[in-house]
Amino acid sequence: MINQLVQKSNERYKKSKCWTCSYKNHCPHDCGKCLHYVHTPQAAPAPRKYNCRKMCDYYVCKYSHRYMSELYYAFYNLSDLRNVQKLKVLSIGCGPCTDILALDLLRKEGIYNYESLEYRGVEINPGIWRKIHADIKQIASQDYKIEIIPEDACDYVDKLERDSWKPHVIVFQYVFSDMQKHSDESKILHLLSVLGTYISQSCDVNTYIVCNDINLSRMYNGGREFFDILRQNISSPIKYSQRHFCNNNKRSHYNYGDEYNNNILVSSIPKDILVYEPYDSCASAQMIIKKVINSDN
């Protein structure tokens, strides 16, 4: 799925025109510079958000192989999910849904054996990702049920406990660093508090929570501290691990738990996508939480 998706974004990007916006002085018709401005704001809250469809196509071409690969490594370690027949995934702030791409590859390789996938992606800005979500639904297997929920995650989690649908895995994919830039801290803490209660009281044993994000603290526009706050808000027994990749793009990186043995992408980048200068290795920090019967198990 990954290469089909980036090819569709690449074709659409080359055909679409750059719309005139108030940020043209920062990124004149250059989505690479525009994304850099989004990711490294000079002020808080960040003035620029993901609000341009052309920029989102560029984003898919530049980041998808890295982000999909990072989640592939995380999902590979969720052994209790390998033989779940009807896999249910809740993705908070799903964006371009790179978690679907990772799970799809794991099934194609015979590592996961689910017969069907029920995916709920919560996205506050579904309009800008609309064409990419349509692409994903088009190229996905017929046994994938993909639902995009157009809602603020902070509002959505308040409704979770009233829903009989229970996920096997909850995914936070580069969400906390984005919320750190754009959301009020009290709102984020509310999200983590409500979600911690939901996991403790409503989720089944062997439910996993996967947090994958920039390997930086909040001080440097990351959000690693939110991993720990979420973990601390879960009152039921859990086990957790912290991991990180060696970052090839930096002279040094922060250690966060165990380092993966390698940071190699699990899918090769097509040659015609290289014009976007996509990242060619993994570099994130991860926390994987598992709900257990008791912490000794």
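**Helices side by side**

User: At what angle do helix H1 (residues 2-15) and helix H3 pack?

Analyst: Happy to start there: this is a predicted model, in which local features need pLDDT of at least 70, side-chain atom pairs count only at pLDDT 80 or more, and totals for chains, interfaces and linings use all residues. Residues are numbered from 1 along each chain as its sequence is written, and side-chain values use heavy atoms, without hydrogens or water. Helices (H or I, at least four residues) and strands (E, at least two) are DSSP runs numbered from the N terminus, and axes are lines fitted to C-alpha atoms, for helices over the stretch in contact, with angles from 0 to 180 degrees between N-to-C directions. The axes of H1 and H3 lie 8 Å apart, and the packing angle is about 155°.

User: Is H1 roughly parallel or roughly antiparallel to H3?

Analyst: Angles under 35 degrees count as roughly parallel, over 145 as roughly antiparallel, 65 to 115 as roughly perpendicular, and the rest as oblique. The angle for H1 and H3 is about 155°, so H1 is to H3 roughly antiparallel.

User: Which residues of H3 make the contact with H1?

Analyst: Contact here means heavy atoms within 4.5 Å. H1 brings Ile 2, Asn 3, Leu 5, Val 6, Ser 9, Asn 10, Arg 12 and Tyr 13. On the H3 side they meet Lys 54, Asp 57, Tyr 58, Val 60, Cys 61, Ser 64, His 65 and Met 68.

User: How is H8 placed against helix H9 (residues 224-232): roughly parallel or oblique?

Analyst: Their axes are 8 Å apart, at an angle of about 40°. Ile 188, Leu 189, Leu 192, Leu 195, Gly 196 and Ile 199 of H8 meet Phe 226, Ile 229 and Leu 230 of H9. Given that angle, H8 is to H9 oblique.

User: Which hand does the crossing of H8 and H9 have, left or right?

Analyst: A crossing is left-handed if the near helix is turned anticlockwise from the far one by less than a right angle, and right-handed if clockwise. For H8 and H9, the crossing is right-handed.

**Inside the chain**

User: What percentage of the 297 residues of the chain count as buried?

Analyst: Buried means under 20% relative accessible area, exposed over 50%, and partly exposed in between, using a 1.4 Å probe and protein chains only. The chain has 9 helices and 8 strands. Of its 297 residues, the share that counts as buried is 55%.

User: Is Thr 207 buried or exposed?

Analyst: Thr 207 sits in the loop between helix H8 (185-201) and strand S5 (208-213). Leaving out residues up to four places away in sequence, it touches Pro 167, His 168, Ile 289, Lys 290 and Lys 291. With a relative accessible area of 2%, Thr 207 is buried.

User: Which side chain makes a polar contact with the side chain of Lys 108?

Analyst: A polar contact is a pair of N or O atoms within 3.5 Å; within protein, one must be able to donate a hydrogen and the other to accept it, and residues adjacent in sequence count only if both atoms are side-chain atoms. Lys 108 is in helix H4 (residues 98-108) and is exposed, with a relative accessible area of 60%. At 2.9 Å, the partner of its side chain is Asp 104.

User: What is the phi of Cys 97?

Analyst: Most residues other than glycine have a negative phi. Cys 97, in the loop between strand S1 (86-92) and H4, counts as buried at 1% relative accessibility. Its phi is positive, near 60°.

User: And what is the phi of Asn 206?

Analyst: Asn 206 lies in the loop between H8 and S5, and is partly exposed, with a relative accessible area of 30%. Although Asn 206 is not a glycine, its phi is positive, at about 75°.
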